[in-house]
Every structure is written in structure tokens, then in C-alpha cells.
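Hi everyone, thanks for coming.

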Amino acid sequence: MTKRNGTRRAARHAWCAAVVVGPVLLAGCGSGGGDGNDIPPTATGTLEELAAQARCEPKLQTDAQELRQANCVTDDGRYVLATFATDRGQREWINEANDYGGSYLVGRRWVAVSDAAVIAALRGRLGGTVETASPHHPGSGGDGGNEAGHSGHPGS
């Protein structure tokens, strides 16, 4: 149980970093060059290899056995790139992340998180499948969607 909680904690920390970057991502939206017509085969490799293929110099944020995560900035915008040691770890991370909404570019044991325009442009370099999730808010009265009060998110 401790190992599983540690894996979830690492995934939650990675997602929290993505959520914190979210407002910056939205502020950096622009029209990306990807029109979705020329999708390459889905890329594979290490975080550094994927970042190079996406033309990004990764700024490593998490370097754990089960999860590696970096922030990337390209002409298309900002995004978070994460790689996973197992398919199961990736799926668990995506399932938890779906609660927060957003756009994800998904490959074999990797995920990129950003707004839809950046994901579309990135897909033109990395291939993959686009997944989009609507945020789920904890009830109608609560905190008005303030994610700082949501379980697993730091207060600031």
C-alpha cells in the first residue's frame, strides 16, 4: 500500500505542477501551426528524446523511477511533458488528471499537457492521440471550483 501511495503521490505532484502552469499556458495561447493533416507515427523514447523531437529544451521538474516530468516552451506555447515507467502508471495518472479537465497528447508511456492549440501543434511532431477532459467540480455549493481546496492540491 505504501508503494502505491508513493506512486500516486508522485503522479499527483506532477499533475499539481501542470495545474499551476495552466494559467500561464492559457495566457500564452496563440495560433499554432498544426492543422492536424500531417500526423506522424506516435513517437517513442525517453523524456529527452521526445523533447528533442518536439523541438524543446526540457526543464526537468520530477525525476522519479515511475515518473519523469519536464516543462517545455516552444514557439507554439508551453506544455508539460511526462514519461512513465509503466503503461498502468500512465493510465492511472491520466485517470486522475481527467478530473481537472484539459487537453492531453498521449503516446506509449508519455503524455503532454497543455491547451488545445498547443496540443494540436505538438501532435504534428510527436503523433499520438488527443484526449480532452471536462473538469469535475466537487458539488454545487463548495468553493466555486477553486482547485486549491481540492484534495491533493497545495494551498498556494
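Let me start with one term: when I say two residues are in contact, I mean that they have heavy atoms within 4.5 Å. And please keep in mind that this is a predicted model.

With that in hand, which residues is L81 in contact with? Leaving aside neighbours within four places in sequence, L81 is in contact with L47, L50, A51, R68, Q69, A70, C72, W110, V111 and A112. One of these, A112, is also the bridge partner of L81 in strand 5.

Strand 3, residues 77-84, runs antiparallel to strand 5, and four bridges join the two.

Now stay on strand 3 and find A82. Is A82 buried or exposed? Its relative accessibility is 1%, so A82 counts as buried. Not counting residues up to four places away in sequence, A82 touches L47, L67, R68, Q69, R109, W110 and V111. Take R109: it is 27 residues from A82 along the chain, yet their C-alpha atoms are separated by 8.4 Å.

Over on strand 5, residues 110-114, have a look at S114. S114 is buried too, with a relative accessible area of 6%, and its side chain reaches the backbone oxygen of R78 at 2.7 Å.

As a general point, nonpolar side chains in soluble globular proteins tend to be buried together. Here, the largest nonpolar core has 17 residues, and those with the most contacts inside it are Y79, L81, L105, A112, L122 and L126. Two or more residues each come from helix 2 (47-53), strand 2 (67-74), strand 3, strand 5 and helix 4 (116-126). Which element gives the largest share? That is helix 4, with four residues. There is also a second, separate core of 12 residues, including F84, W93, I94 and V111.

Finally, helix 3, residues 87-97: its buried residues are Q90, W93, I94 and A97. They cover an arc of only 95° around the axis, so they sit on the same side of helix 3.

That's my tour, and I'm happy to take questions!

Terms used: Residues are numbered from 1 along each chain as its sequence is written. This is a predicted model: local features need pLDDT of at least 70, side-chain atom pairs count only at pLDDT 80 or more; totals for chains, interfaces and linings use all residues. Side-chain values use heavy atoms; hydrogens and water are left out. Buried means under 20% relative accessible area, exposed over 50%, partly exposed in between (1.4 Å probe, protein chains only). A polar contact is a pair of N or O atoms within 3.5 Å; within protein, one must be able to donate a hydrogen and the other to accept it, and residues adjacent in sequence count only if both atoms are side-chain atoms. Two strands pair if DSSP finds at least two bridges between them. The arc is that of the directions from the helix axis to the C-beta atoms. A nonpolar core is a set of buried Ala, Val, Leu, Ile, Met, Phe, Trp, Tyr and Cys residues joined through side-chain atoms within 4.5 Å.
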